[in-house]
Amino acid sequence: MAKGSGADTIIAKGVEMNGELRVDGNIFIDGDVKGTVISQGDLNIGSEAKIEANLQAKNAIVAGVLRGTVEIAEKLEILETAEITGDITAGVLSVAGGATINGTIRMGVGISE
Amino acid sequence: MYSYLYDEFLEDKRYEREVGVIETRLTDLGIMGKVTRLALFRDPVAVVKNEIADGARTVVAVGDDGTLRRVLEAVLPNCRQSGESQVVVGFIPVVKGGVLGPLLGIDAGSSACDTLSARLVQEIDLGEVNGRPYLHAAAGTFHSPKLSLQQSEMIWSGWADFQIINLALSVGKFEIDPTDGALDFFASQLKRRWFRKEEYLTHLRAGSFLLTSDKKMTVILDSEESLTADQLIFQVLPGRLRLVTGKDRRF
């Protein structure tokens with residue numbers, strides 16, 4: 001993957017993606033995504049993103065609007081602008097004040113187990 | 001055995017001296033070979049096929065980026081027929097200012113002969129769009145384009161600038177590797193946000209994909225040749241090209 005960059009795959013604002021996307025490295029999403037996103041690395045959902053998808057990644061930061069299941073093997077960081085509707089599984093969870101979560105949360109049972 | 005394919009433009013008097021210097025250096029290095037001049041009505045594919053049949057194992061493009069492109073297009077069908085790329089491609093840029101020479105670590109003029117003589121052969125990928133190969137990049141501006149990958153698709157609204165890169169110095173923070181078996185896909189849109197314009201850049205890497213649009217699409221290959229079509233089918237040809245490169249190559 002691209003060396004020296006935070007995200008190897010970027011889906012910018014204004015892009016609509018449908019379907020399943022699998023990436024080996026890190027991914028940053030600021031567009032509209034419907035389907036499934038699976039990353040072997042870190043997933044970063046920007047504040048402009050609108051996601052209706054099931055997400056799997058090693059670590060994740062969510063700042064946008066997300067509807068779907070989230071399975072994070074290690075750390076999930078939910079920022080204050082995030083609005084999540086769906087079930088969350090994460091090894092470690094951090095939630096900023098102001099974030100909205102509607103769904104069940106399971107912790108300490110990451111997807112690698 | 002070396003086979004040198006000279007571009008037609010080198011027949012111009014103003015290149016006489018430079019070509020002479022190059023030929024002298026090739027002779028000094030003991031790697032002079034058969035010289036064939038490419039011409040408008042001479043099919044490069046047939047020329048290369050004949051050279052390979054006559055025992056050439058290194059086909060050298062002498063001219064500019066366009067010459068290398070023509071030689072690549074000619075060499076590839078011969079590689080496909082033999083099932084493996086036994087033929088090595090060399091490049092002697094006669095004039096400065098090209099894109100491909102610096103990327104490959106090859107200086108213009110007689111010093112390219114030394115690079116050729118050192119024979120540092122790299123297996124590198126080629127990009128291909130609608131069956132046309134390219135080494136560096138394919139670029140175009142498309143209206144409401146749709147990118148179809150194996151299991152997903154992406155849609156842009158309005159105009160977007162696209163670059164599908166195989167070999168380049170770098171694009172922003174992304175380094176491009178022409179030996180990784182994938183093409184780097186960049187789509188950029190400039191949008192007004194308050195009083196300034198912001199660039200929205202999408203990047204991904206893939207081995208093959210399809211681009212369609214609601215208008216005909218024209219793509220420029222290696223800053224040289226254009227291709228217009230209703231749809232553009234991209235794929236990487238992994239390790240397809242065996243190329244003599246310089247030690248200062250950018251990958």
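## Getting started

Helices (H or I, at least four residues) and strands (E, at least two) are DSSP runs, numbered from the N terminus. This is a predicted model, in which local features need pLDDT of at least 70 and side-chain atom pairs count only at pLDDT 80 or more, while totals for chains, interfaces and linings use all residues. Residues are numbered from 1 along each chain as its sequence is written, and chains are lettered from A and ligands numbered from 1 in the order in which they are written.

## Chain B as a whole

Chain B has five helices and 14 strands. Its radius of gyration is 19 Å, close to the 18 Å that the globule rule gives for 251 residues, so chain B is as compact as a globular protein of that length. (The radius is taken over C-alpha atoms, and the rule is 2.2 Å times the number of residues to the power 0.38.) Along the principal axes, the C-alpha atoms of chain B fill a box of roughly 65 × 40 × 30 Å.

A residue is buried if 20 or more other C-beta atoms lie within 10 Å of its own, exposed if 12 or fewer, and partly exposed in between, with C-beta atoms placed from the backbone. Of the 251 residues of chain B, 44% count as buried. Two residues are in contact if their C-beta atoms, placed from the backbone, lie within 7 Å. Among contacts in chain B between residues at least 6 apart in sequence, 69% join residues at least 24 apart.

## Two domains

Chain B is divided into domain 1 (2-118) and domain 2 (132-238), with bounds that come from an automatic or database domain assignment. Taken over C-alpha atoms, their centres are 29 Å apart. Nine residues from domain 1 of chain B and ten residues from domain 2 of chain B make up the contact.

On the domain 1 side, helix H3 (65-82) and helix H4 (100-104) of chain B each give two or more residues. H3(B) provides the largest share, six residues. By type, that side has five nonpolar, one polar and three charged residues. Here Ala, Val, Leu, Ile, Met, Phe, Trp, Tyr, Cys and Pro count as nonpolar, Asp, Glu, Lys and Arg as charged, and the others, Gly among them, as polar.

## A helix with a buried face

Now look at helix H2 (residues 44-53) of chain B, where Pro44(B), Val47(B), Val48(B), Glu51(B) and Ile52(B) are buried. Seen down the axis of H2(B), these residues fall within an arc of 130°, so they line one face of the helix. The arc is that of the directions from the helix axis to the C-beta atoms. Ala46(B) and Ala53(B) are exposed, on the face turned away from the buried side. After H2(B) comes Gly55(B), with a positive phi near 105°.

## Two loop residues

Most residues other than glycine have a negative phi. Asn130(B) has a positive phi, near 45°, and sits in the loop between strand S5 (120-129) and strand S6 (132-134) of chain B. Ser144(B) also has a positive phi, near 45°, in the loop between strand S7 (137-143) and strand S8 (146-148) of chain B.

## Where chain B meets chain A

The contact between the chains takes 17 residues from chain B and 18 residues from chain A. Strand S9 (152-156), strand S11 (183-193) and strand S12 (196-206) of chain B each supply at least two residues of the chain B side. Strand S2 (residues 15-23) of chain A runs antiparallel to S9(B), joined by five bridges.

Notes: Pairing = 2+ DSSP bridges.
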